[in-house]
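Hi everyone, thanks for coming. I'd like to walk you through one model today, so please have a look at it with me.

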Amino acid sequence: MSAVLPASEPELQSLLSELESIVGAEAVLTDRAELRAYDCDAYTVEKATPTVIVLPETTEQVAAVVRLCCRRGVPFVPRGAGTGLSGGTTAVRGGVIISTVRMKQILHVDLANRRLTAQAGCVNLHLTKAVAAKGYHYAPDPSSQGACTVGGNVAENSGGPHTLKYGVTTNHITGLRMVLPDGEIVGLGGEAEDPPGYDLVGLVVGSEGTFGIVTEVTVRLTPLPDAYRTLLAIFETVDDSTRTVSDIIAAGILPAALEMIDQLILQAIEDAFHLGFPKDAGAVLLIELDGFEAGLDEEAARVREICRQNRAREVRMAASSEDRARLWMARKKGIGAAGRLAPSIVTQDGVIPRSKLPEVLREIGDIAARYGIRICNIFHAGDGNLHPCVLFDERDPDEVRRVVRAGEEILHLCVRVGGSITGEHGIGIEKIDAMPLLFTPADLALMERIRRVFNQGDLCNPGKLFPSAKSCVEVKWRPRAAHV
Amino acid sequence: MREAAGAHGPVHGPRVEMAADGSADFALNGRIPAGVLRPKTEEESAAAVAWAVDARMGLVPWGGGTEVQHGNPVASPRWAVLSSELLNQVLDYSPDDMVVTCQAGVTLAALSERLRSHRQFLPIDAPHPDRATMGGIVAGNSQGLWRPLFGAPRDRLLGLRAVMADGQTVKGGGKVVKNVAGYDLCKLFAGSRGTLGFLTEVTFKTSPLPECCRHVVFRAQDAAAAVRAGLAVHAARLQPLYATVAYAGHVHLCVGLQGSAAAVAWQADRVAEACSEEGLAPSDEGPSDQHLRILVADSPAPVKLRFTLRPWDLVGLLRGLEALGQRGAGLTLAAHVPTGIVAVAMQPGAPDAESAVRLARAARLQVGGECHLVWTRLPESWRPSVGDVWGPTRGDFPLMRSLKRALDPDGLFSPGRFVGRL
C-alpha cells in the first residue's frame with residue numbers, strides 16, 4: 001500500500017470545510033477533547049487520534065463523505081458506539097471517523113413477515129424494544145446491547161449469551177444497505193430468502209468495517225419464547241461445573257443460554273449488586289431454558305438432576321421475571337463489576353471445543369500462576385467461548401508485559417486444542433499477530449484478495465485484520481501544523 | 001481413452017486420471033463432458049485442478065448430481081467433471097462438541113447414520129439423502145422442508161476446505177460453533193454452485209435427536225385457504241418444523257412438529273385450532289412427510305420453478321400461478337409458508353414456451369413486494385425464451401462479478417452457469 005503523506009494546514013482546512021458542507025458544521029468535530037474521546041474503542045491498549053469526526057444522518061451523506069475522502073486520499077473509519085473490544089474502530093492511520101450515532105432510526109417494521117429495517121446506528125436493544133410488546137425480539141443480545149449499535153454488530157458478527165440456541169448476528173441479517181469504499185451505495189440481500197447469487201450479506205457480516213460502511217440493516221425477527229426457566233447452579237469447584245456443561249449437552253438438552261462465572265467475579269458481582277450469591281462457591285452456572293410452557297418443567301427437572309449428579313451445592317430457580325432479570329443483570333454487568341477488583345482489566349476472547357473446557361480452564365489457571373497475575377472467568381460455557389478477565393495495574397510496565405505474554409499463551413492454547421482466536425470480539429488491531437496461528441499464507445492471501453474486491457484503495461478502515469496491513473510503513477494522515 | 005492428470009513432465013506426487021467412459025452419465029444441458037476426474041484425496045483434488053488449468057478445460061464440481069442440473073449451460077467448449085465420489089470419509093466427529101467434519105463426497109444418509117448412533121442428527125432435509133453429498137448441499141445451500149425451524153445449511157456450516165482455481169488449498173472457518181476470525185468464507189461458498197472452487201472438506205454443527213416428531217395433515221378447499229391457515233400458524237408464533245401447502249390436484253396443509261412430547265402435543269392442538277378457523281379439516285389422506293419431500297423434486301414434469309418471497313405475499317403469487325393452470329398446464333406445488341419458498345413442477349399443456357414464461361413472470365410481478373424466480377429445470381428448447389435461469393441481475397451483481405473474477409479469473413469452475421452467466 002502507498003504511504004499517505006501528511007497534509008498541509010490549508011489542505012486540512014479545505015477538507016474540513018468540504019465536510020461541513022456535506023453534514024453541517026455542528027456535525028464535524030475537531031476539538032482536541034472530542035478527538036481524544038474517539039481515539040480508541042473499548043480496547044484501550046492502543047490509541048490513535050483521528051483527524052476529524054463526522055456525524056452524518058443519511059446514507060447519502062455517508063456516501064458523499066466517502067467520495068470526498070477518496071478524492072483527497074484520506075483514510076476513513078466507520079464507528080458505531082465504540083464498544084468494540086479489538087480496536088476495530090481505532091483510526092490507526094488517522095483520517096476521518098464516520099460515526100453512525102445520528103443514524104439511529106427504525107425505518108420499517110413488518111411483524112407479519114418478521115422483518116425490521118433500522119439505520120446502522122440504532123442501538124441493539126432498541127430493536128427488541130420496538131417489537132417486544134407484540135411478542136417478538138431481535139435475538140442476538142451481546143452484553144453491551146444497551147449501548148452497541150446493530151451496525152457494529154454486523155461488523156463484528158456479534159454474539160452474546162443466547163447464541164447457543166439462537167445463533168449469532170449473521171443468522172439474523174437478511175439485507176444490508178452500504179456505502180462501498182469508492183462511495184457507491186449498494187443494496188445487498190433483501191427481505192425474501194435466497195436472492196440468487198453469492199451470499200454477499202453473509203460475507204459482509206463480520207468483515208469488521210473493512211468492506212465499506214453499512215448504513216441500514218434488515219433483520220429477521222424471532223418470536224419471544226412463551227416461558228423461561230432460569231436456573232443458578234452453585235458448585236464447589238470449576239471442574240464440577242464444566243462437567244455439568246458437558247452432561248447437559250450430552251443429554252440432548254439445548255439450553256437457550258449456559259453461562260459460567262467463577263469465584264473471583266462472583267465475589268465482585270455480589271459486592272456490587274447484593275443478590276445473595278454465595279461468595280465461597282467455586283463457580284456458578286446460569287442455565288436458561290426457554291420455549292413453550294408445555295414440557296419446560298420436565299426439562300428444568302432434568303437439568304437440576306444433572307447438576308445434582310455433578311455435586312451441585314444448590315440449584316436455585318428464578319421465581320419471577322424480576323428474579324430472571326436480576327440474574328441476567330448480574331451476568332451482563334459481571335465484567336463491569338470485576339472492574340472493582342483491580343485498577344485495570346482486559347477481557348480476553350477465545351473459543352475452544354466445549355469438551356476441552358475442564359482442561360483449558362485448568363491450564364489458564366496454571367498460566368495465571370506462572371505469570372503471577374489474577375485471571376477470572378465469566379463466559380459462554382455452552383459454546384466454548386471463553387472470556388478470561390485479566391486483572392492488573394496498567395501503571396506497572398512489568399505487569400503489563402506479563403499480561404500480554406499470558407494473553408498470547410492463552411490464544412496459543414485455544415488454537416492448540418482445536419479452537420479459534422476469537423469467538424466474538426473480532427481481530428481488529430488486537431489479534432493481527434495471531435492470525436498466522438490459524439491461517440496459512442494462502443488463506444490470508446485469499447482473504448486479502450476478497451478485501452481488494454471491495455476496498456481497492458485501502459482507505460476504508462486500514463491497518464486491521466491482516467499482518468500485511470501492519471507491515472506497511474505506518475504513516476498517519478495528519479496536518480503538518482501541530483493541530484493534534 | 002484416458003488422459004493422465006498431473007504436472008508437466010515426469011509426474012511427482014499425486015495424480016488422478018480423467019476417465020472418459022461413462023461421461024454420458026454426467027451430461028449437462030444435453031452436452032457430455034470430456035471426462036470425469038475422481039480424486040481420492042485433497043492432494044489429488046489440487047492435482048486435478050492444476051491439470052484442468054494446463055489443459056484449458058473447464059471444471060464442473062459434481063457431488064451426488066441431485067441438483068447439478070440447476071443452472072445455465074456450461075460456457076466452455078470442453079469441460080471435465082470433478083467428482084467428489086471418492087472423497088467419502090467422515091474425518092472427525094465429536095458428539096460432546098456436537099461438531100462433525102467429513103469429506104465433501106460423504107452423503108447425507110451416510111453421515112446421518114453415523115450421527116444417529118450418538119442420538120444426534122444434522123438438521124438438513126434433502127429429497128434424496130442417499131445421493132446428495134455434503135459438499136453439494138453446501139454448494140447449493142439446499143434445504144428441504146425443515147428450514148422454518150433449522151434454517152439453511154449456511155447457518156450450520158462451521159468450516160470448510162477447498163481447492164481454488166490457482167491450485168491452492170485454503171480453509172475457512174474452523175471446527176467450533178462460534179468463530180469470527182477472518183472473513184466468513186463459509187457464507188461465500190454456501191450457495192456458490194461450484195463456481196468459486198472445489199470443496200474437499202466441510203464441518204457442521206449437529207443437533208440432538210428430538211424426543212418426538214409429528215406430521216399432521218389438513219385438507220383445504222383451495223390453495224388460498226391453505227396458505228391463510230399456514231400464515232395463522234406462523235402468526236401464532238408456533239415453531240413448526242414446516243408448514244407446507246401441497247397441491248397436486250387436491251390441496252393439503254402439512255405441518256411438521258418436533259421437540260418434547262408435551263410441546264409437540266400442545267402445538268398440535270394450536271395448529272388444529274388455527275386450521276379449523278380457516279375451514280380446513282384434519283385429513284388421513286394427503287401426502288406423508290416423505291411424499292411431501294419429493295413432491296416437486298421427483299415430479300417427472302419437464303419444467304420446475306422456485307419462487308422466494310415474503311410469506312404474506314404467497315396468496316398473491318398463487319393467484320398469479322392459477323393463470324398457468326387455467327391455460328391447461330398441470331401444476332404440482334409445494335409452498336413453504338413460514339419461509340416464503342414455493343417449488344412448482346409444471347407439465348406444459350396448452351402453453352408454449354413463450355406464453356409459459358410470460359405467465360410465470362406475470363405471476364412473479366403479481367406479487368407486490370420482493371419476489372425471486374429461478375427456473376430449476378426446463379427443456380433445452382425453452383432456453384431462448386427463458387434466458388438466464390437465475391433471473392435478472394440486481395444492483396449487487398458488479399460485486400459478485402468482481403468476486404468471481406478475483407477468485408477464478410480464467411473462469412475455470414462452472415463457467416457461465418450461475419447468475420448473470422458468471
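Predicted model: local features only at pLDDT ≥ 70, side-chain atom pairs only at ≥ 80, totals over all residues.

Residues are numbered from 1 along each chain as its sequence is written, chains are lettered from A and ligands numbered from 1 in the order in which they are written, and side-chain values use heavy atoms, with hydrogens and water left out.

Now, the overall look of chain A. It has 17 helices and 20 strands; these are DSSP runs numbered from the N terminus, helices being H or I with at least four residues and strands E with at least two. Of its 484 residues, 62% count as buried. The C-alpha atoms of chain A fill a box of roughly 70 × 60 × 45 Å along the principal axes.

On to the aromatics. Over all chains, the structure holds 10 aromatic pairs. Rings of Phe, Tyr and Trp (its six-membered ring) pair if their centres lie within 6.5 Å, and planes under 30 degrees apart are stacked, over 60 edge-to-face, and the rest tilted. Take Phe211(A) and Phe454(A): their ring centres are 4.1 Å apart and their planes at 5°, so this pair is stacked. Phe211(A) sits in the loop between helix H7 (200-204) and strand S10 (213-220) of chain A, and Phe454(A) in helix H16 (residues 441-454), so the pair ties together parts 243 residues apart in sequence. Both Phe211(A) and Phe454(A) are buried. They also belong to one aromatic cluster with Phe466(A) and Tyr183(B).

Back to our opening tryptophan. The rings of Trp375(B) and Trp382(B) have centres 6.4 Å apart and planes at 65°, so that pair is edge-to-face. Trp375(B) is buried as well, with a relative accessible area of 3%.

Rings meet charges here, too. The charged end of Arg324(A) sits over the ring of Tyr228(A), 3.6 Å from its centre; the rule is NZ of Lys or CZ of Arg within 6 Å of the ring centre and within 35 degrees of the ring normal. In chain B, Arg270(B) lies over the face of Trp266(B), at 4.9 Å from the ring centre.

How many residues of chain B are in contact with chain A? The count is 67 residues of chain B against 81 of chain A, contact meaning heavy atoms within 4.5 Å. Between them the two chains bury about 6200 Å², 60% of it on carbon and sulfur atoms; buried area is the accessible area (1.4 Å probe) that two parts lose on being put together, summed over both. On the chain B side, Lys178(B), Tyr183(B) and Arg237(B) lose the most area, together 16% of what that side buries.

Let's stay with Arg237(B) to finish. It lies in the loop between helix H6 (223-235) and strand S14 (242-248) of chain B. With a relative accessible area of 22%, Arg237(B) is partly exposed.

Technical notes. Buried < 20%, exposed > 50% of the residue type's maximum accessible area, 1.4 Å probe, protein only.
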